[in-house]
Amino acid sequence: MSEIQSYTMNFGPQHPAAHGVLRLVLEIEGEMIKKADPHVGLLHRATEKLAETKPFNQSIGYMDRLDYVSMMCNEHGYVMAIEKLLGVEVPERAQYIRVMFDEITRILNHLMWLGAHGLDIGAMTVFLYCFREREDLMDVYEAVSGTRMHATYYRPGGVYRDLPDSMPKYRASKFRSKKDLSRLNAAREGSLLDFIEDFTARFPACVDEYETLLTDNRIWKQRTVNIGVVSPERAMQLGFSGPMLRGSGVEWDLRKKQPYDVYDRMDFDIPVGVNGDCYDRYLVRVEEMRQANRIVKQCVDWLRDNPGPVIASDHKFSPPTRVEMKDDMESLIHHFKLFTEGYCVPEGEAYAAIEHPKGEFAVYIISDGANKPYRVKIRAAGFAHISAMAEMVEGHMLADVVAIIGTQDIVFGEIDR
Amino acid sequence: MTDRLDSLAARIDARFGEQVNRVASTCRELTYELDKDDLIKVATALRNETEFGFEMLMDVCGVDYLTYGMDEWTTNSASDTGFSRGVERESVILDEADEFDPKRFAVVYHLLSIQNNIRLRLRVYTGIDNPPIVKSVVDIWNSANWFEREVFDLYGILFEGHPDLRRILTDYGFIGHPFRKDFPMIGNVEVSYDAAEGRVAYKPVSIEARTLVPRVIRDDNRYSAALKDGNDV
């Protein structure tokens, strides 16, 4: 019998299962991982330092590019930190719009996660299904902000604009039959809210569809049950948050425990895992999609009945309307000051945390009273999770590394910043 | 929420007394500054004693206070001289002093107690040491491991007792600590592929630093502490 020697293997940074640019140096004995050393930082863009050189509002767009599958949630953390420093009241309608888009973003993120995780460990079909639903939500993003991904929609004090009254439609083309066209446009005849409501009605059945593919699937269970088990004590010690923490059985959700915006008025449940393995985290995230869908529905109902302003009317930090600007001197001055210099934020520091789809996303801003932040620190959930990767993969097989990368829901935009 | 913060503050004051120093906040947050020699003792107590129960360390953040409160464009005499786009940018001079200002670098810890549902911020100044150094809290909260590596990488703050203090975000072989305020925004070197040599080559940067919007600080009486509502300290 030949002797098995341990050897070192390089995984990534260009590898489809590395979810971006993760480089792992693995010490392997046979197929067993002895030690893993993740190298991150290949996507480091110094977002925080860039934010220090720009007026507050100009960095909102950078936040989208952190975790580029849950764009609006990143913005939410950033604008909340500024609002805390400014002491701004956000209009109720804007709070509902933000909660609705946070939850739409949560669904977007979890769909991306489910599709990619499935693809990583051998389930091709679910990827196609997930992207079908993501497409509708991307259209919602586009309708409200003009872009499919990097929305830059939230502002300190509210959101950039109110929800549109019409939904963009597919146009006729020689590649599309009339029948196809009317099917694609069926839900798009009304307003954006009509489209979202139609989506919330369709979506639970879609989740059922994903579940029939995976939940009782023998191969799926073989790949995920008892893989990457984290005890609740270790999860807290390692700084886990979000589904990673709840998968281990810790009932902790900022939306319930430290509610921000109008989450305290929403009716939803927090799913919690039992064993802390990849399968439990899968179940938690799937249930979160259903709960997010419930929240979106409640927001749609409220938003239909309650028109109103969507941004605070204090023109010291939110610009006046175009019309006001054209015929009111005071508004013109405000407009000029805001778009040349920005606004000064009082001296102080604030830490604003939100329940991001991946966990606790927080922005810590130190202001010295200038029109630019003195220090911005982004606390990305994924950073704490991936730091525990070495511990989670130890003793598992090489193929399980991919399952564990998948279950951590890693996006390098936010880890490397 | 404010009641719970106050009661926690009272308990911390009673337990640690002179060791910690509460910092006023306008955003209903609890911040304490402490001496770096007391850090381990206080942190251990905050985690282990049930009346505090801070079982999670959410974030470790480095701060460089070198240019705190400085602006690039004084507007006081604007009515005499007229507004101009001329920005007086401080030229970047590498700070190679043997000793730092005692309040130059700080490490900020954000703690979370799940059992008591409360947050706490600790700030530790690194003092005059060059390179700056504080004790590592990895043994108390394991999540500090990568957070401290990040602070070391970006600010050059050393953590005594850290098991594996390597760079984490910057490139292999990177020189300098990029988030220090004396590190230029445009960097020091640029990288390109040298076809003749057949390898990647480093050169001094060829671009020039520019400021699109100058940094200004305005006195705004709306933000004075006496007038501000919700001021709880």
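Here are some friendly notes on the predicted model above, taken point by point.

1. Ground rules. This is a predicted model, in which local features need pLDDT of at least 70 and side-chain atom pairs count only at pLDDT 80 or more, while totals for chains, interfaces and linings use all residues. Residues are numbered from 1 along each chain as its sequence is written, chains are lettered from A and ligands numbered from 1 in the order in which they are written, and side-chain values use heavy atoms, with hydrogens and water left out.

2. The interface. Contact (heavy atoms within 4.5 Å) involves 65 residues from chain A and 61 residues from chain B. Together the chains bury about 5,300 Å², with carbon and sulfur atoms giving 54%; buried area is the accessible area (1.4 Å probe) that two parts lose on being put together, summed over both. On the chain A side, K49(A), Q237(A) and Y374(A) supply 14% of the area buried against chain B, more than any other three residues.

3. Charges across the interface. There are 10 salt bridges between chain A and chain B, where a salt bridge is a side-chain nitrogen of Lys or Arg within 4 Å of a carboxyl oxygen of Asp or Glu. K377(A) is worth a look: this lysine pairs with D59(B) at 2.8 Å, N to O, and with E150(B) at 3.8 Å. The D59(B) pair runs from strand β3 (residues 56-64) of chain B to strand β8 (residues 375-379) of chain A; strands are DSSP runs of E, at least two residues, and helices are runs of H or I, at least four, numbered from the N terminus.

4. A second crossing pair. K181(B) and E52(A) form a salt bridge with their closest N and O atoms 2.9 Å apart. K181(B) lies in the loop between β7 and β8 of chain B, and E52(A) in helix α1 (residues 47-52) of chain A. E52(A) counts as buried because its relative accessibility is 7%.

5. T170(B). This threonine sits in the loop between β7 (158-160) and β8 (189-194) of chain B, and counts as buried because its relative accessibility is 12%. Beyond its neighbours within four places in sequence, T170(B) is in contact with D153(B) and P178(B).

6. Helix α3 of chain A. Residues 71-86 make up this 16-residue helix, which reaches 23 Å from its first C-alpha to its last. Of the 16 residues in α3(A), 15 are buried.

Note on methods
Buried < 20%, exposed > 50% of the residue type's maximum accessible area, 1.4 Å probe, protein only. Expected span 1.5 Å × (residues − 1).
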